[in-house]
Every structure is written in structure tokens, then in C-alpha cells.
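Trainee: I am new to this structure and would like a close look at a single part of it, the packing inside. Could you walk me through that and then show me what surrounds it?

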Amino acid sequence: MPLSFADPTDDAIPLHVVTPDDLDAALDGLSAQSRAWSKAQGFSAALGEILILPEGDGEIAGVLVGYGTPARRARGRFHIGAVARQLPQGVYTIVSGLDDADLDEAALAWLLAAYRYNRYRKPPEPIAQLVAPKGVDAKRISIIANGEALTRELINTPASDMGPAELEEASRTLASSHEAEINVITGDDLVSSNFPMIHTVGRASDRAPRLIDLRWGDAGPQLTLVGKGVCFDTGGLNIKPGGSMGLMKKDMGGAATVLGLAHMIMALELPLRLRVLIPAVENSIAGNAFRPQDILTSRKGLTVEINNTDAEGRLVLADALTLSDEDDPDLVISMATLTGAARVAVGPDLSPFYTDNDAHAAALAAAGHAVADPLWRMPFHDPYEEMIEPGIADLDNAPKGGFAGSITAALFLRRFVESPYVHFDIYGWQPSPAPSRPKGGVGMGARAVLEALPRILDL
């Protein structure tokens, strides 16, 4: 079901969002009965505190929602999403307590709180509905929420039902809904079309590898999004231990994220030309699997020594990034669940990103803060270039030593791009439930990119 706001109605139940500092003033604005009830219940406006105000006939007169102190709110985001899941079913409207920026976040939080992955079980009861607050761009927020829902749905689907073919089908469905063009190169045609590393990584699976190429728009600057689409990663011959393989259905999280972002861009009709490239593979084990110490020749002509078959994402991205460069885009953005090192560095909640352009970095950082999509800039640290140069080939896909794993992976990718470039090393997974983010697949960085694009591309 699409995530959407309720139609406006005179019967909507009023929500009063209250901080401890504003509590007395908020209570003064209530009826004598509601004021007495609030004091009797000891409502203190702590973050997440909810008090339903009863009418004399048993109906709900309104709801007080505690918003806590700024310091407490800073320890999380989407706090209103937690409220949405606790209220009785009905239609609600926020009548007081939030400024414009907080209203935008609250509205998005409410819609995202309604998302649950239900493909294999009976859907839960719907949550309370919200009338779009006055002053917010309801259409934009709904588009963003549904782009995020698409990302979550794709990541959450297990590899048994989300292989390269199914990822292609999801891309075709998205293209059709926005009248975009799509072309897909599959199987051995990747070899004749000069995508050797995409083919090599995916050839051991009985589910053919492919390169998905979606285009939309005919005017404006060109943005190319490249998403890692490893639909399941066994690690290849360097097989992962069971504990590390358990979440590998999410290794196509980069592809899922760029498709969600693409939906947002196309539905909002941004004045640009969009290209989406997804190398979709399954990294499996068979007699024809690629091996440690094989030397691969990339589409760009650079040779790569394979020192770990579990560092396959950068290989498929390299061929796609080379293609992205060939029509001289104004900006290339790659998104990938690329390294565990990124998670060690910044944890599951932050999206680390790399760029050589300080203006792009500043725009992204400001956008991430504005839309509650936290980012952290990491360095393309040139002195580490020698770590990815093995001597026997141009590049090493898995430098030994374990240091700077996310940085060296980003430096590897940068070798294949000459255009202005930003790389995101995302996690794509919510490890424990949080407001508006149930445990499972989650988009990271897409909303920040969407917010920053007008400044970066001068739209």
C-alpha cells in the first residue's frame, strides 16, 4: 500500500506537541476538564510521552505529545513516528508545538512509521492516519516516503525472491511507471559488451549476471547513479562464515537505494537527465567461480589482482563506473554496502561518503542535517593509493593488513571515474527498531542527496 496522508476532515483529532518549557502555556490553552486531567495524570512532556484527553462522551478530545528537551531530541530522530504507532486508529492533525522544519520531519516520520514488510505474513492493522500539516509540501513528502518504502521492500526481500532477474523486474516496473527507458545486458553478452568483471563475479551462479541501465529526462545536467546489486554474497571461494553471511540478502542495498532515489527524482520531475546503472549479480561458488590471485582486466583496461573473492562489490561497480563516465555526466554517485570497515568507523546510523569536491561535501552535509539523514565525510586519502597497488597488476581488490578498509575501497573505485564523483559506503540495514525505522532494510543517504542536488547541479 502506498504511504499517504489522510484527507482533511473537520473531525480530525488534534495533537498538541509539547516541550517541558512550554507545558504551562500549553495546558492554559486547554479546556478546564482537559487541564485538570493532564495535571492529575502527571503529564510532564517528556520525549515520547502520550496523554489522550477524553471527552465527556468517551470520545477523544485531543492528544498531548511530549517532545522533551532539545538535548534529548538530539539523541534520535523521527520521534513523532513512535507516537504514530501508539495512538488508537483514527485521523489526527498536528495543531501546535512544531516549527516548519520539525513539521516536515514529523510528517515524513508519520508516513514512514506505517511501513512494515508483509510479503510473507498477514499484514498488521493499519496505524493511525495524519492529515498533512499546514505548510508542508505533502506531495513531496509522500513521494520521498514511497521512495524509501521501495528501498526497504527490495532489501527486505530474501534472495530466493530477489535475485538479479527480480531486481531487473523491479527496475523495469519503476521505469514503466515513470516512462523511462531501460536496457539490460545479460549473461555472456556481458563479455561481448566488455563488462568482464561483472560477468566474472556473477558467472558461478545459475542466476545470470546483468547490467541494468535506466535513463530518464531529456534536458538539464546529467546525474548518473550507480548502485551495487549483489543480490546475495557467499563470499565466493573465500566463503564467509555463517555469522557474516546471514544478512547478505542486503548486499544489493546500494541498488535498492538508488532505485528509491530515482523514484523520488522522477516523481518530483527534477529538471535533469537521470541515468541509473546497476550491476546485478549473485556471488556464488561453483567450478567456474573466480579465484584468489586471478588477474582480471576491467572495462577500463586496468588489471586487478584478486586477493579476496569476498571483495567483489568494487569489481562490479568498477565496470559500471567506467560506463558511467563514457557520456560525460555532470555528477556520478555510487551507493554500495561495500565494507565492514565503514560500519566499524561510524556504526549503522551514519552514511559515510567520499568526494574530492569541498563544495559538494558541504552541500551534502548541510542537506543531511536538514532532512535528518545523517552523513559523515570520509577522506580520499591519496597516500593510501599505494596500498591498492599490488605490483603484479594495476590494482589489488583486497589490500592486506586490514587498515583503512573503507578508504582503500573508495580509492579503488575512484580509479574508474574521471567525472565529478561522490561515493557512499552505506549499511542499508536497521539492526534494531527505532522510530519510523523497523528492524530490517533501510535507505541511507538518498534523502540527503535529493535535498543537495539543486545546490550541487544548480537546478
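Mentor: Happy to! Let us start with a term: a nonpolar core is a set of buried Ala, Val, Leu, Ile, Met, Phe, Trp, Tyr and Cys residues joined through side-chain atoms within 4.5 Å. Please keep in mind that this is a predicted model.

With that term in hand, look at the largest nonpolar core, which has 92 residues. The residues with the most contacts inside this core are Trp 110, Leu 167, Leu 223, Ile 265, Leu 274 and Phe 424. Helix H11 gives the core its largest share, 10 residues. A second, separate core has 39 residues, and Phe 195, Leu 211, Leu 395 and Ile 407 are included in it.

Take Phe 424: leaving aside its neighbours within four places in sequence, Phe 424 is in contact with Ile 333, Ser 334, Met 335 and Ala 336, among others. Its list of contacts also includes Ser 351, Pro 352, Phe 353, Leu 364 and Leu 375, as well as Gly 445 and Val 449.

Now turn to Trp 110 and its aromatic partner. The structure holds 6 aromatic pairs. One of them joins Tyr 92 and Trp 110, with 6.3 Å from centre to centre and 40 degrees between the planes, a tilted pair. Tyr 92 belongs to strand S4 (residues 91-96) and Trp 110 to helix H5 (residues 100-113), so the pair ties together parts that are 18 residues apart in sequence. Both Tyr 92 and Trp 110 are buried. Elsewhere, Tyr 354, Phe 380 and Tyr 421 make up one aromatic cluster.

The structure holds 24 salt bridges. In one of them, Lys 228 meets Asp 251, with the closest N and O atoms 2.9 Å apart. Lys 228 and Asp 251 are both buried.

Lys 240 counts as buried because its relative accessible area is 15%, whereas Asp 310 counts as partly exposed because its relative accessibility is 25%. Shared partners also join Asp 356, Asp 382, Glu 385, Glu 389, Arg 414 and Arg 415 into one network of salt bridges.

Finally, let us step to the surface. Leu 237, Ile 239 and Ile 285 form a nonpolar patch there, with about 260 Å² of accessible area together. Leu 237 is found in the loop between strand S9 (229-233) and helix H10 (242-245), and its relative accessibility of 39% is why Leu 237 counts as partly exposed. Ala 286, in the loop between strand S10 (273-283) and strand S11 (295-297), also counts as partly exposed, because its relative accessibility is 34%.

Conventions. Residues numbered from 1 in each chain as written. Predicted model: local features only at pLDDT ≥ 70, side-chain atom pairs only at ≥ 80, totals over all residues. Heavy atoms only, no water. Patch = residues over 30% accessible without salt bridge, like charges linked within 9 Å, V, L, I, M, F, W, Y side chains within 5 Å. Areas by Shrake-Rupley, 256 points an atom, 1.4 Å probe, with all protein chains shown as cover. Salt bridge = Lys/Arg side-chain N within 4 Å of Asp/Glu carboxyl O. Helix = DSSP H or I, 4+ residues; strand = E, 2+ residues; numbered from the N terminus. Buried < 20%, exposed > 50% of the residue type's maximum accessible area, 1.4 Å probe, protein only. Contact = heavy atoms within 4.5 Å. Phe/Tyr/Trp six-rings, centres within 6.5 Å; stacked < 30°, edge-to-face > 60°.
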